[in-house]
Amino acid sequence: MVCFGNMFIELPKAKTREMLRQDQEELDEEINNLRKELRVKVNRLYEAQGKPELKGFNLNPMSAEEMKLINRILEG
(Lines give C-alpha, C1' and ligand atoms only; values in the text may rest on other atoms or scores of the structure.)
Protein backbone atom coordinates (compact mmCIF):
# COMPACT_ATOMS: atom_id res chain seq x y z
CA MET A 1 0.00 0.00 0.00
CA VAL A 2 1.30 3.43 -0.98
CA CYS A 3 -0.18 6.74 0.15
CA PHE A 4 -0.64 9.38 -2.57
CA GLY A 5 -2.04 12.49 -0.91
CA ASN A 6 -5.08 11.26 1.00
CA MET A 7 -5.48 8.05 -1.03
CA PHE A 8 -3.95 4.60 -0.54
CA ILE A 9 -3.14 2.51 -3.61
CA GLU A 10 -1.92 -1.05 -3.68
CA LEU A 11 1.10 -1.47 -5.96
CA PRO A 12 3.59 -4.30 -6.46
CA LYS A 13 6.62 -4.10 -4.16
CA ALA A 14 9.10 -3.84 -7.05
CA LYS A 15 7.20 -0.93 -8.60
CA THR A 16 6.97 0.84 -5.23
CA ARG A 17 10.69 0.40 -4.56
CA GLU A 18 11.55 1.74 -8.01
CA MET A 19 9.31 4.77 -7.52
CA LEU A 20 10.86 5.51 -4.12
CA ARG A 21 14.40 5.06 -5.48
CA GLN A 22 13.71 7.39 -8.38
CA ASP A 23 12.11 10.01 -6.12
CA GLN A 24 15.08 9.82 -3.74
CA GLU A 25 17.56 10.29 -6.60
CA GLU A 26 15.65 13.35 -7.81
CA LEU A 27 15.55 14.79 -4.30
CA ASP A 28 19.28 14.19 -3.79
CA GLU A 29 20.07 15.92 -7.08
CA GLU A 30 17.87 18.90 -6.17
CA ILE A 31 19.48 19.17 -2.72
CA ASN A 32 22.97 19.12 -4.23
CA ASN A 33 22.02 21.82 -6.75
CA LEU A 34 20.60 24.01 -3.99
CA ARG A 35 23.77 23.56 -1.92
CA LYS A 36 25.93 24.62 -4.87
CA GLU A 37 23.75 27.67 -5.51
CA LEU A 38 23.85 28.59 -1.82
CA ARG A 39 27.64 28.55 -1.79
CA VAL A 40 27.79 30.92 -4.74
CA LYS A 41 25.23 33.25 -3.20
CA VAL A 42 26.98 33.34 0.19
CA ASN A 43 30.32 34.09 -1.50
CA ARG A 44 28.71 36.93 -3.47
CA LEU A 45 27.17 38.31 -0.27
CA TYR A 46 30.50 38.23 1.56
CA GLU A 47 32.21 39.85 -1.42
CA ALA A 48 29.58 42.63 -1.48
CA GLN A 49 30.12 43.22 2.23
CA GLY A 50 33.88 43.39 1.72
CA LYS A 51 34.48 40.35 3.89
CA PRO A 52 36.93 37.57 3.02
CA GLU A 53 35.58 34.31 1.58
CA LEU A 54 34.52 31.76 4.18
CA LYS A 55 37.12 29.08 4.73
CA GLY A 56 35.90 25.49 4.53
CA PHE A 57 32.56 26.55 3.07
CA ASN A 58 33.23 24.65 -0.17
CA LEU A 59 33.57 21.32 1.60
CA ASN A 60 31.35 18.44 0.53
CA PRO A 61 29.78 15.93 2.95
CA MET A 62 31.26 12.45 3.00
CA SER A 63 29.33 9.69 1.30
CA ALA A 64 27.92 6.73 3.23
CA GLU A 65 30.68 4.54 1.79
CA GLU A 66 33.39 6.95 2.96
CA MET A 67 31.84 7.04 6.43
CA LYS A 68 31.84 3.23 6.61
CA LEU A 69 35.55 3.17 5.73
CA ILE A 70 36.35 5.82 8.35
CA ASN A 71 34.39 3.89 11.00
CA ARG A 72 36.24 0.68 10.08
CA ILE A 73 39.57 2.44 10.48
CA LEU A 74 38.57 3.96 13.82
CA GLU A 75 37.29 0.64 15.17
CA GLY A 76 40.60 -1.01 14.28
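**Exercise 1. Determine whether L54 is buried, partly exposed or exposed in this predicted model, and place L54 in the chain.**

Solution. Step 1: the relative accessible area of L54 is 32%. Step 2: buried requires a value under 20%, and exposed requires one over 50%. Step 3: the value of 32% therefore makes L54 partly exposed. Step 4: as to its place, L54 belongs to the loop between α1 (13–48) and α2. Step 5: V42 stands 12 residues from L54 along the chain, and the C-alpha atoms of the two residues are separated by 8.7 Å.

**Exercise 2. Classify K68 by accessibility and state which helix holds K68.**

Solution. Step 1: K68 is found in helix α2, which covers residues 64–75. Step 2: the relative accessibility of K68 is 56%. Step 3: the cut-off for exposed is over 50%, so K68 counts as exposed. Step 4: between K68 and E10 there are 36 Å from C-alpha to C-alpha, with the two residues 58 apart along the chain.

**Exercise 3. Describe the fold order and decide how the spread of the protein chain relates to a compact globule.**

Solution. Step 1: the protein chain contains two strands and two helices. Step 2: along the sequence these elements follow the order β-β-α-α. Step 3: for 76 residues the globule rule gives 11 Å, whereas the radius of gyration is 20 Å, well over that figure; the chain is therefore more spread out than a compact globule. Step 4: along the principal axes, the C-alpha atoms fill a box of roughly 55 × 40 × 15 Å. Step 5: 5% of the 76 residues count as buried. Step 6: the accessible surface is about 7,300 Å², and carbon and sulfur atoms account for 57% of that surface.

**Exercise 4. Examine the charges and the aromatic rings of the protein chain.**

Solution. Step 2: K51 lies over the face of Y46, 5.4 Å from the ring centre. Step 3: the count of aromatic pairs is zero.

How values were computed. Residues are numbered from 1 along each chain as its sequence is written. This is a predicted model: local features need pLDDT of at least 70, side-chain atom pairs count only at pLDDT 80 or more; totals for chains, interfaces and linings use all residues. Side-chain values use heavy atoms; hydrogens and water are left out. Helices (H or I, at least four residues) and strands (E, at least two) are DSSP runs, numbered from the N terminus. The radius of gyration is taken over C-alpha atoms; the globule rule is 2.2 Å times the number of residues to the power 0.38. Buried means under 20% relative accessible area, exposed over 50%, partly exposed in between (1.4 Å probe, protein chains only). Accessible areas come from the Shrake-Rupley method with a 1.4 Å probe; for residues, only the protein chains shown count as cover. Lys and Arg count as positive and Asp and Glu as negative; His and the chain ends are not counted. The place of a charge is taken as NZ of Lys, CZ of Arg, CG of Asp or CD of Glu. Rings of Phe, Tyr and Trp (its six-membered ring) pair if their centres lie within 6.5 Å; planes under 30 degrees apart count as stacked, over 60 as edge-to-face and the rest as tilted. A charge sits over a ring if NZ of Lys or CZ of Arg is within 6 Å of the ring centre and within 35 degrees of the ring normal.
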